[in-house]
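Biologist: I have the sequence and the model open side by side, and I would like to go through them with you. Could we start with how far the model can be trusted?

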Amino acid sequence: MPSAHRASSAAAPAGDGPPSAAGDGPPSGPVPIIDALPPGPRARLAARIVRREIEPGTTFMHEGDVTSSLAIIVRGRVALRLRVPERGPVTILTLEAGDIVGWSAIVAPYRATTSATALEPTELATLDAVDLRELLASDTEVAARFLPPVMESVAARVAATRDQLLDLFRGAGVDAW
Amino acid sequence: MGHGGDLRFQVENLTRVEGEGSLHLRVRDGIVEEARLEIFEAPRYFEALVVGRTPDEVIDIVARICGICPVAYQMSAVHAFEDLFAVQVHPQVRALRRLLYCAEWIESHALHIYLLHAPDFLGYPSAVELARDHRELVDDGLRLKKAGNDLLTALGGRPIHPVSVRVGGFSRMPAKAELAALRPSLAEALRLSIATVDIVTGLAAPAFEREPRLVSLRHPTEYPLNDGRIVSTDGVDLRPSDWDEAFHEVQVPWSNALQSRAGDGLPYLLGPSARVVLAGEQLHPLAQAALARTGALESIRRNPYRSIVARAVELVHVSAEALDIVDGYVKPDAPMVPWTARPGVAAWATEAPRGLLFHRYVVGDDGKVAAATIVPPTSQNQAAIEADLATFAPAVLDLPMGEATHRLEQLIRSYDPCISCATHFLDLSVEDAG
Amino acid sequence: MVVATQPHAAAVAGSRFLPRERFDDLVAVLAGGGRRVVGPTVADGAIVFADLTDGTALPAGWTLRTSPGRARLERLPEGPGSARTFQYAVSGEGIKRFTFPSRVDALAMETDADGTVRVRVEAPPPEPLAIVGARACDLAALAVHDGVLVGGPAVDPDYAARRRDLVIVAVECAVAGSTCFCATMGTGPEVTTGADLVLAELDDGFVARAPTPAGERVLAALDLAPALEEQSMRALAQVATTRAVMGTGAVPANSRSVLMANLDHPRWDAIAERCIACANCTLVCPTCFCTGLEVTSGFDGRASGATRAWDSCFTEGFAQVAGGSFRPRPRDRYRQWLTHKFATWWDQFGTSGCIGCGRCIAWCPVGIDVRAELNAIAGDVPPPAAAPLPRHDIVAQPAISTEALEFSRATVVSVTPETADTATLRLATDDARILAGQPGQFLMVGVPAFAIPPISISRFHPDGIELTIRAAGAATSFLTKLRKGASLGVRGPLGRGWPVDDAIGRDVVIVAGGIGLAPLRPVIDAVLRDRARFKDVRIYLGARTPRERLFVDEVDALAARDDVLVRTTVDRAGPEWLGRVGIVTQLFKTVQGTGADATAFICGPERMMAATADVLGDLGVPRDHIWVTLERHMECGVGLCGHCQLGSRFVCRDGPVFSVAELGADLRREGL
Amino acid sequence: MDVAMRDGAAAGVAAVGPAAQSGAAANHVTGRSSAVRRPRVGVVKFASCDGCQLTILDVEDHLLEIAERFEIVEFAEATSRRSSGPFDVLLVEGSISTPEQAVEIARLRAEAKLLVVIGACATAGGIQALRTAAEHEAFRTAVYPVPAFVDSLATARPVADVVHVDAELRGCPIAPEQLVELLVSLTTGRRPQLPDQAVCLECKRRGVPCVVVARGLPCLGPVTRTGCGAICPRFGRGCYGCFGPREQANTAGLSAAFVWQAANPLGEDAAGQPPAPDPARPAGPVDVGRLFAGFTGATAPFRAATDALGGRPLMPLRPTLASPPETLREGPPSWGPAGTASAVPGPGDGAPRPATTPAKSRRSHGPRR
């Protein structure tokens, strides 16, 4: 079953304006996940980070595209959407600060199955996919430290998906009364 | 006649009969060329379904041939097997089986007279409309019917497909008090039955007479239900197991039901009219008195529209006899006697509400049924109905189409045909062959 | 195991002898004053209790041979004892039919000409009754029923009425069936409690003793000679032989702990292959007390009755709620039955639910033997030293009270549609009990012709309450379609609500999924009324879609406050929804600060509550400060009908609000 | 087949009941609402014995009230009024046994808001559904000399195999109490109480001693849905499964017990007396298997039990008539010489010309449109 939560972060700067100062945080603050790593891996990853500001309503990645970068949300909120024939786009998950967008950048076939749209002014810390894959392949310390939080994020989404599939809040069946 | 030379009558899906059939007539220049009672009730192959079954299972299965007269099927079957196995049942078992049959007759006759046939005579589409103008009449009919159903329930657990009839007796016989509790409703039924005879005698019947060959059981001391010899107006006199010495089944292309004919290939008539004529001397005195009061015995014999009177007279009989049996009932120590199956041919005929019902089973060495023939009353009456239609149709061809159709439907309904039995009914079509 | 035997020599001292030919006189004395007398008779191949006018209908010369799946009448051998009338151990059904009939009228509901709904609790007028031929196990069972039906907080008025004027003539068993194990359970064969008159049958008559004044009056009226010592000794020897034949140790003495430690034992699956879930064991069990309401009405629906009928945990409908049955598999149902009888009954009522009569063994059509099953589950674990079993004593009979089951009238003041299938009814009531209700409590809501659903109170007002109802079935659909001015019957408030005080001085975390916000709304009201007494207040709401959110305006207003944090998420949404999408537990990580200082109130589907409790637990919220509310099938709401049991809990009475610490593993256990 | 009221049935009930649901809600406030259209009810049948529709006429105490509250527009057994639709409620009896019936039920489905199947034939195929395709031809050959005249499907099917069904009343025949309960639920908007429980519950509530335990008789009550009132055990025999399998029917468990009991007539108590011989008691596995091959024997749980034990009765693959019929191709008979007609007016002596056209197959319900 395709995960409903796979996301790709194809940095899609089309129409990107200048970095916005809107919102309640500084334009470039600490980066979740990365900041929690030991100094070595943290420095080697931080050096590769490219920060991006996304305006609300901007779809910065598209379902089916090759995932070109992995992003960590620094600020703002992002909707992951699927296009369902005859129903249009359906939001299946929203992500916030600390969430990862585009883990498929490091998992074959490196292709996104959802689109990602900013719902609020959003700041992303992005890592180029090819660059990151090479780093993980060559730097076992980065791999050992960085992959677990990525896995944790992915695992949480898989678990959440299962609960969504159960459709817990639906009024199922006919009750005894 | 007003319609010119050629007519085509068609009644699709006869109503107020049990089951599905239709009537088709083809008439040319006032002559009936074709009269067909088409039965398209889907066949259910009961004669094959009982193969490989034990006698008690057969009793349960054959009841499902007809929801109107399941007791009749149980009775013909149980007597056939007991005859072959030489089972001597307790006299109270014999009495209670008559009582069970009486109950079914009360229910079936009351249903037919009040809910199915009376609306015909009084010009209503159904008892529901009839009840709007004649509420008491319909209420009386429902009370009668309920008296029969309550008795069936007391003896067999439910009115339709009762469960207690077993080879050797009953699976359970009621306590005396259970039956005594039904006495008031049966006494009421008897009162209503006698009134019914007067009511139906007063109903106007179309003038139509013919001289039918009649067949029924006759017993020296009882009105025929479970026992007696098969007799006819032309001298047949047979054991109930020997039906097929005088009658035989035929298949016709327009019917899913087999028909039956007498040895000479001609039709014969079963049911209340036949029984009242052939076995009237065994009617309960109250029923004989009611019949005498009508003065209708001869018209019952000759006019099919008068069968409703015969049915009402029988209603008096079974109500009165039911009371007698209830009063004389003593619960036996055991409801059943032990028995052992033996191979051979088991055959018997009893009187269903609508006429003689013949069963014949071949029982194998394993005690199970290997082959079966079941000849329901409606399939035996089919040829008689068709003969009546052919005879009577020209008389109604002058009437407006709706009225003519109604008269012919009413004629068919006077046989109380049970079509799900026969294929196990009605569309009238009169085809203009011009 | 050791069970204290009762020599009851003292009782024997005052014994009289009732010659066999004078048994008719005993029946006549009992029947004096119009008392109905019932006793064993032979009917339909079994021993059945029926009305007695004298002794002739007793099963003279019969015995009943029982083994797993069999109970056959047999003729007693020719000899001096061949005329005995009680020479069998247990009849097919005990005396339960008379004290706790299979069907009784429970409620009468009607709509008056002016539209007012009236609900009346039916209780029979006390009918004087004498039961002849009860056995020690029957009396132990009666004591158990007393504990359940009149010994708890709610009194069953029907039972109380039937128990009120009951004379019991017991018989000490002269034989034991192979299925009997009362000696193991400490309930027999000697009659030690509950009987007014105790008979021991000898070949030529009965040694009779009268433990109660009522029994003494009967003996006095009969004017009997004292029993000879030899007769008394024979009677004692006879019951001692019965005890010896039965032996003890039929089931492990530690059945209770063994069962609760083996809820996932493979034996349950093995039993389920044989068990046909026919419910016979529960219905012949003299202590089973579960019932359901059957609503009947005429075509116009203006008046209806409700019949209380024996029900069984072996049926699927027994544990049915919207969305399915909590015990879908026969395995779950058998486990519920056996654990209830031998384990959780102790927690609920302080006794064993099994009294050792063995009826469930004999009358199981496929012959499942609870003794064998218990021993199999216990395996080779040696039982600990036996503890004495508590005695089953008849409790003092309380007054007949319908209080726990009385309805009051309420009137619909307004109806607010919330979602496509959910509406909030504001009801006016002057029922002080309801107005004083607590957040999380619920009402049983009745209108004629419909089943009576439990509905949580979603807001309290000085002059009434609100009920927020989702149209999940016919009754709830009907309720959501009521209009202003409509009348209905309400009973409550029921159950244990949310312990809002537990959160005083602490952070408050409220998590609601779907309709689960309704029972939590009074908590929010209470916290905001007294906002200063609580620290941070955080509310997390989940819904299936944006359109299925409840109380949207209120939630928006809450979100606008600066002293409350509100986060809403939905399971799925279209692009027009700019809020959060995802499951409710994902909301927590975006908020810092929830931890050991928090009290959490959670309401939603059980799976969601369990997942939420885990996340909160991981964040450091103590499990005894995490509260959830459970949904179970409920018919009575006061712990009498048995439907809502979860392990040893009655969800209706002990809950529906529980802490996660209280529930332990049961919150997640399947089929419990 | 396992639920008394299918998904959507509650909605269906609501759909027929402006007279019911909202009307009744209004009644609570305003008293009886008067100007509500009565639901149009049709009663139709396919292959069956008519017993279930007769049950409608058998609720004598309620019949006229039913006729007042519902407009019975099609019920061929009871009224000459005819309708081919539309229906608010359509009660359907009988199995689908011919190709024409399959077409007709599809047409009726489109005409009916709420389609309720009644009885074992409609809900489970009836006993006629025990036949398999292979046996069908043999059946026709066995019963009819010219099978070509008779058109029927290879197997008889429950209605739900062919079209969507909203609700069902089980039984052979249906229970009058359940019929009334269903109709009451339609007028009040409540859910009909048709519990999916074993017959055993009803036996015990009524104080009927278990015939398996007390008498060693086989009984399908434990695996059969209640609703009949435990008639058979009350009448001293085992249940034969009219109402079909209950939920979770453990037919394997029950038949295993019966097979064991047949082999061990003394049970686990070797000292007991052997039971008196009774033809109702199975002698071995085949007899046990045949117990399940009754009026609901084509349902999956029952058929599985039958097949597992080889208990399917031998469906005949040879002629099984004790007295085979002949074929007659002549036209309808006259009363002939023995019964000379004296009708007024009579047809004369001319006997009708032979008819040769084959029977038309089954008509639709209601008048032709």
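Biologist: What is the mean pLDDT of chain A?

Modeller: This is a predicted model, and for chain A the mean pLDDT is 79, with 77% of its residues reaching 70 or more.

Biologist: Which helix or strand of chain A has the lowest confidence, and which the highest?

Modeller: Confidence in chain A is lowest in helix α3, residues 140-166, where the mean is 84, and it is highest in strand β8, residues 122-128, at 95.

Biologist: Where in chain A does pLDDT stay under 50?

Modeller: It stays under 50 over residues 1-27 of chain A, for which the model has 68 contacts beyond four places in sequence.

Biologist: Let's change topic to chain C. Which residues of helix α7 are buried?

Modeller: In α7 of chain C, which covers residues 213-222, the buried residues are C:Ala214, C:Gly215, C:Val218, C:Leu219 and C:Leu222. Seen down the axis of α7(C), these buried residues fall within an arc of 140°, so they line one face of the helix.

Biologist: Why would residues three or four places apart point the same way?

Modeller: That is because an α-helix has 3.6 residues a turn.

Biologist: What do the buried residues of α7(C) pack against, and what is on the face turned away from them?

Modeller: The buried residues pack against four elements of chain C, namely β1 (16-19), α2 (23-31), β10 (197-202) and β11 (205-209). The face turned away from the buried side carries the exposed residues C:Pro213, C:Arg217 and C:Ala220. After α7(C) comes C:Asp223, whose phi is positive, near 55°.

Biologist: What about cavities, then: how much space lies in the largest one?

Modeller: About 300 Å³ of space lies in the largest cavity. Its lining is made of 23 residues, and those nearest its centre are C:Ala106, C:Leu293, C:Arg308, C:Leu405 and C:Cys636.

Biologist: Which element supplies the largest share of that lining?

Modeller: The largest share comes from β6(C), with four residues. In chain C, β6 (103-111), α5 (157-164) and β12 (291-297) each supply at least two residues of the lining. By class, the lining has 14 nonpolar, two polar and seven charged residues.

Biologist: One last thing, in chain B: is B:His317 buried or exposed?

Modeller: B:His317 counts as buried, because its relative accessibility is 3% and the cut-off for buried is under 20%. The residue is found in helix α12 of chain B, residues 307-328.

Biologist: What is B:His317 in contact with, apart from its neighbours within four places in sequence?

Modeller: Leaving those neighbours aside, B:His317 is in contact with B:Arg98, B:Tyr223, B:Gln282, B:Leu283, B:His284 and B:Ala287.

How values were computed. Residues are numbered from 1 along each chain as its sequence is written. Chains are lettered from A and ligands numbered from 1 in the order in which they are written. This is a predicted model: local features need pLDDT of at least 70, side-chain atom pairs count only at pLDDT 80 or more; totals for chains, interfaces and linings use all residues. Side-chain values use heavy atoms; hydrogens and water are left out. Buried means under 20% relative accessible area, exposed over 50%, partly exposed in between (1.4 Å probe, protein chains only). The arc is that of the directions from the helix axis to the C-beta atoms. Contact means heavy atoms within 4.5 Å. On a 1 Å grid over the protein atoms alone, a cavity is a set of points where a 1.4 Å probe fits but cannot get out, and a pocket is an open set with protein on both sides within 12 Å along at least five of seven lines; lining residues have an atom within 4 Å of a point. Grid points are joined across faces, edges and corners, and a volume is the space filled by probe spheres set on the points. Ala, Val, Leu, Ile, Met, Phe, Trp, Tyr, Cys and Pro count as nonpolar, Asp, Glu, Lys and Arg as charged, and the others, Gly among them, as polar. pLDDT is the predictor's confidence in each residue, from 0 to 100.
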